[in-house]
Amino acid sequence: MLGDMSHMTPPSAGQAARTYVVTGSASGMGRATTQLLEAEGHRVIGVDRAGASVECDLATAAGRDRLADGVAELAPDGLDGVIACAGLSGSANAAEPVVRVNYFGAVASLERLRPLLAGSAAPAAVVVASCALLEAESDDDPLLLACLDGDEAAAVALAAGYEGLTAYRSVKRAVARWVRREAPGASWAGARIALNAIAPGFIDTPMVRPEIREQVAEKFVQPLSGPGRPEDIAAGLAWLAGPGSRLVCGQVIFFDGGYECALRGELAI
Ligand SMILES: NC(=O)c1ccc[n+]([C@@H]2O[C@H](COP(=O)([O-])OP(=O)(O)OC[C@H]3O[C@@H](n4cnc5c(N)ncnc54)[C@H](O)[C@@H]3O)[C@@H](O)[C@H]2O)c1
């Protein structure tokens, strides 16, 4: 089902209209990104569990098939950008769904839709990681390594021994490492497709429930901004998935009002 595009305005001068997929389009950063791109005159195929052009559960193999089939049907001429925002909170969910959605659902979204980017003049893909990746147990964490091996059964088995939040940190670090590993290779840079990640700090979205908001704000001190807005992330995602960032490849960019810099200091680049 195609969305009503009558509200779309023409893209700004010099910028051709592009077709994007945004996962997690029904809420938070995905919603703000969809609104921004549509306001700029682009077409967005939203993907979410409900309230989207393609409704599917990215935790499951069947849902990921539904994603690939549904998007291919809606975009027979292909895509220009894929933006993977869909994710679950680590503090409100068990480790297994966090692993399935935040790592395997995110990577599947990018990999399954990659063939549709082949015909674009400036194809790009972006995934949302998190500043929480800085707190992952270690780079030898078995859950992280099972994710990077692409072994979902092993990762889910390991998840039984993790709290949701601990798993969240590990799989967000795995997402960032996956981007670093894959972006310069044949499938992505070799196919002219820019692949990058944004690692947000604390952003005021429905994911951060009112009862934990104060605790999260105390932990994620963001000297430049305080808590971020989903619109701040949308601007970065739209830029990285757009035609104006063609030299950016394999980067994990912290959008966090200075949290990472204050934490790690001047030499951590
Ligand atoms: N809010 C923050 O402070 C923060 C910080 C760092 C990273 N993130 C990450 O940013 C991304 C966007 O989060 P948000 O804050 O906008 O949250 P949100 O809860 O507002 O939006 C997440 C969206 O993902 C969708 N989703 C969840 N599980 C899904 C599934 N199985 N299949 C399809 N869709 C599914 C939800 O329905 C929802 O619409 C997530 O990956 C999250 O981990 C959030």
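Of the 269 residues of the protein, 52% count as buried, where buried denotes under 20% relative accessible area, exposed over 50%, and partly exposed the range in between, for a 1.4 Å probe and protein chains only. The model is a predicted one, in which local features require pLDDT of at least 70 and side-chain atom pairs count only at pLDDT 80 or more, while totals for chains, interfaces and linings use all residues. Residues are numbered from 1 along each chain as its sequence is written, and side-chain values rest on heavy atoms, with hydrogens and water left out.

The protein contains nine helices and seven strands, taken as DSSP runs (H or I, at least four residues, for helices; E, at least two, for strands) and numbered from the N terminus. Along its principal axes the C-alpha trace spans about 45 × 40 × 35 Å.

Strand S5 (residues 124-128) is mostly covered, five of its five residues being buried; Ala 124, Val 126 and Val 128 lie on one side and Ala 125 and Val 127 on the other. Strand S4 (residues 81-84) runs parallel to S5 and is joined to it by four bridges, pairing being assigned if DSSP finds at least two bridges between two strands. Within this pairing, Gly 81 has Ala 124 as its bridge partner. The chain passes from S4 through helix H3 (residues 95-113) to S5 in a right-handed β-α-β crossover, that is, with the strands pointing away from the viewer, the path from the first strand over the helix to the second runs clockwise. S5 also pairs in the parallel sense with strand S6 (residues 194-200), over five bridges, and Ala 124 stands opposite Ala 194 in S6.

In the loop between H6 and S6 lies Arg 192, a residue other than glycine whose phi is positive, near 70°; Arg 192 counts as partly exposed because its relative accessibility is 40%.

The lining of the largest pocket divides into 27 nonpolar, 13 polar and eight charged residues, with Ala, Val, Leu, Ile, Met, Phe, Trp, Tyr, Cys and Pro taken as nonpolar, Asp, Glu, Lys and Arg as charged, and the others, Gly among them, as polar. Helix H1 (28-39), strand S2 (43-48), helix H6 (164-182) and helix H7 (210-219) each supply at least two residues of this lining.
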